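Hi there,

Here is the structure I promised to pass along. Have a look at it first, and then read on for my notes.

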Amino acid sequence: MTSNLYLSLGIIATTLFLFMTYGLYKGIGLIDNFPKFRNFKKGDIIGHTAPTFDTPGISVGDGISGLIISILCWIGVTILFIVLLVVLEAVFWFSIFIILAMLYWIFFRALKFVFNKSTETKGDIGISAMYSLAYTILYTGWIFGIVYLTQTMK
């Protein structure tokens, strides 16, 4: 099991190393065209959506007091359900936003930081490989460390 994990991480590290080496050797750069969140309104959790669903009918045979109590309970549960949906929606969109921000950082900002060196390394395979090796160790070395510590602590 551990050897498969190290093999997978090795393939990822090798691919990252080759990609960065090629990019630095060719002198490529990245353009920051990440969308800005200017239209995001702070505090607008609900937005313009309203839940549309059918509620079950109420049939109570306990007289007028049972009917009134069941209607009040139905209204209370409906309000609670809508509030829980709003909270769930807020948590869901916040989680999606955090995941996208992390992926943005990993796939764009980190590689942009590497490819800023492409003006120095363009056409020189030795320097490109050295920079790529250093950044590959930085970007994947901590994962190897976590796997190693996990396996030694078992």
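Below are my notes on the core and the aromatic pairs. Please keep in mind that this is a predicted model.

Let me start with the core. Seven residues make up the largest nonpolar core: Leu16, Met20, Leu24, Leu111, Val114, Phe115 and Tyr135. If you click on leucine 111 and set aside its neighbours within four places in sequence, you will find it in contact with Leu16, Phe19, Met20, Leu30 and Ile106.

Now to the aromatic rings. The structure contains five aromatic pairs. One of them joins phenylalanine 19 and phenylalanine 115: the ring centres are 5.8 Å apart and the planes stand at 75°, so this pair is edge-to-face. It links distant parts of the chain, since phenylalanine 19 belongs to helix α1 and phenylalanine 115 to helix α2, 96 residues apart. Phenylalanine 19 is partly exposed, at 41% relative accessible area, whereas phenylalanine 115 is buried, at 3%.

Another pair is phenylalanine 113 with tyrosine 135, whose ring centres lie 5.8 Å apart with planes at 85°, so it is edge-to-face as well. Phenylalanine 113 sits in helix α2 and tyrosine 135 in helix α4 (residues 125-152), so this pair ties together parts 22 residues apart in sequence. Here phenylalanine 113 is partly exposed, with a relative accessible area of 48%, while tyrosine 135 is buried, with 8%. Together with Tyr139, Phe113 and Tyr135 form one aromatic cluster.

Terms used
Residues numbered from 1 in each chain as written. Predicted model: local features only at pLDDT ≥ 70, side-chain atom pairs only at ≥ 80, totals over all residues. Heavy atoms only, no water. Core = buried A, V, L, I, M, F, W, Y, C linked by side-chain atoms within 4.5 Å. Buried < 20%, exposed > 50% of the residue type's maximum accessible area, 1.4 Å probe, protein only. Contact = heavy atoms within 4.5 Å. Phe/Tyr/Trp six-rings, centres within 6.5 Å; stacked < 30°, edge-to-face > 60°. Helix = DSSP H or I, 4+ residues; strand = E, 2+ residues; numbered from the N terminus.
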